[in-house]
Amino acid sequence: MREITVEAQSWPIAGAFTISRGAKTEARVVVTTVSEGGVTGRGECVPYQRYGENEKDTIAAIKALQPALTDGMTREELQRTMPRGAARNALDCAMWDLEAKRTGRPAWELAGLGKPRALTTAYTLSLGSPDAMEAAAAAAADRPLLKLKLGQGGDEDIARVEAVRAGAPRAALIVDANEGWKPEDVMPLAREFARLGVSLIEQPVPAKDDEVLRGIASPVPLCADESAHGLEGMKRLVGLYDFINVKLDKTGGLTEALSVMRCAKARKLRVMVGCMVATSLAMAPAMLVAQQADYVDLDGPLLLAEDRKPALRYEGSLVYPPEAELWG
């Protein structure tokens, strides 16, 4: 018989994490454990208000499946029973971890993947004044890839990118508007950012408005985040975006994330693997998907005041695959 537990946890952020939609000082996560045969698998998710999620509903959704999970529900059955989102992510990843620990085979092997290697992750700079962002960039100037949170477009965002470029002249830059721009701002800003050496623009306009991007010749590649979730809707993204951001909280776990990765490659979409602000337990399964990604943005634990133990090993911007004690 399986035993299931679920709990909410809070992990303080080092300072504050600010994007165009607001700021927060703690990472609120939901952790699920699935135990069977004397071993326990764990999964972590972040309910996200932007997608209509909250802790209470996420925990309730997981508890509602306890009878079926106790009776031996498989990961494949979970995909059919629960909609994609944070709750399914926590359960799906816990079930992968449980299977790895019960069989003595690592999750990457169970998934038919190659042995994972260390990867370079982006490091995120919160939205702030140009001066504040230049100082943050200077402090992180030795990191090879910086991701900048931007605001509502216009001259202020140009000033922010110019400031970051001055603070970190050698770093590759990704900018993330989090749906903050107006459609008419995309091309003028893209031209300015091309001049400043920006490599990628993430989710420039609201997901509901992104049809305006179809067929435009942006000088900087565009990446879908809030517009990209799971397998459903992937076809529509072709011609709007060059990249998609795959996050396990959006796909509803590792199982669908791996399928999304395969689908993206088949449709000639390039991939960033991203994360919410969370602990190493949430990043660990994403590391398997990230092995095939063009960009990796798994810096959540680097933004926390303290990570859980055991944790992923970070050496600067280099992040190593999880040890079995953490996950998988």
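**Strand pairing and nonpolar cores**

In the predicted model, Phe 243 of strand β10 has Arg 270 of β11 as its bridge partner, and the two strands, β10 and β11 (residues 270–273), pair in the parallel sense over four bridges. Strand β9 (residues 222–224) is likewise parallel to β10, to which it is joined by two bridges, and Ala 224 has Ile 244 as its bridge partner in β10. Strand β10 (residues 243–246) is covered on both faces, with Phe 243 and Asn 245 buried on one side and Ile 244 and Val 246 buried on the other.

Ile 244 also belongs to the largest nonpolar core, which comprises 84 residues and in which Leu 146, Phe 193, Ile 244 and Trp 327 touch the most other members. The greatest contribution to this core, nine residues, comes from helix α12 (residues 280–290). Apart from this core lies another, of 19 residues, including Ile 62, Ala 90, Leu 91 and Ala 94.

A separate paragraph concerns the strands β1, β2 and β3, which form an open antiparallel sheet in the order β1-β2-β3. Because β1 (3–19) and β3 (39–45) stand at the edges and each has a single partner strand, one side of each is left without a neighbour in the sheet. From one strand to the next, the twist averages 20°. Strand β2 (residues 22–36) pairs with β3 over seven bridges in the antiparallel sense, and Ser 35 stands opposite Thr 40 of β3. Helix α1 (residues 55–64) lies across β1, β2 and β3 and runs at about 10° to β2, whereas helix α4 (residues 86–103), which packs on the sheet and touches β2 and β3, has a direction that makes about 150° with that of β3.

Methods
Residues are numbered from 1 along each chain as its sequence is written. This is a predicted model: local features need pLDDT of at least 70, side-chain atom pairs count only at pLDDT 80 or more; totals for chains, interfaces and linings use all residues. Side-chain values use heavy atoms; hydrogens and water are left out. A nonpolar core is a set of buried Ala, Val, Leu, Ile, Met, Phe, Trp, Tyr and Cys residues joined through side-chain atoms within 4.5 Å. Buried means under 20% relative accessible area, exposed over 50%, partly exposed in between (1.4 Å probe, protein chains only). Two strands pair if DSSP finds at least two bridges between them. Axes are lines fitted to C-alpha atoms, for helices over the stretch in contact, and angles run from 0 to 180 degrees between N-to-C directions. Contact means heavy atoms within 4.5 Å.
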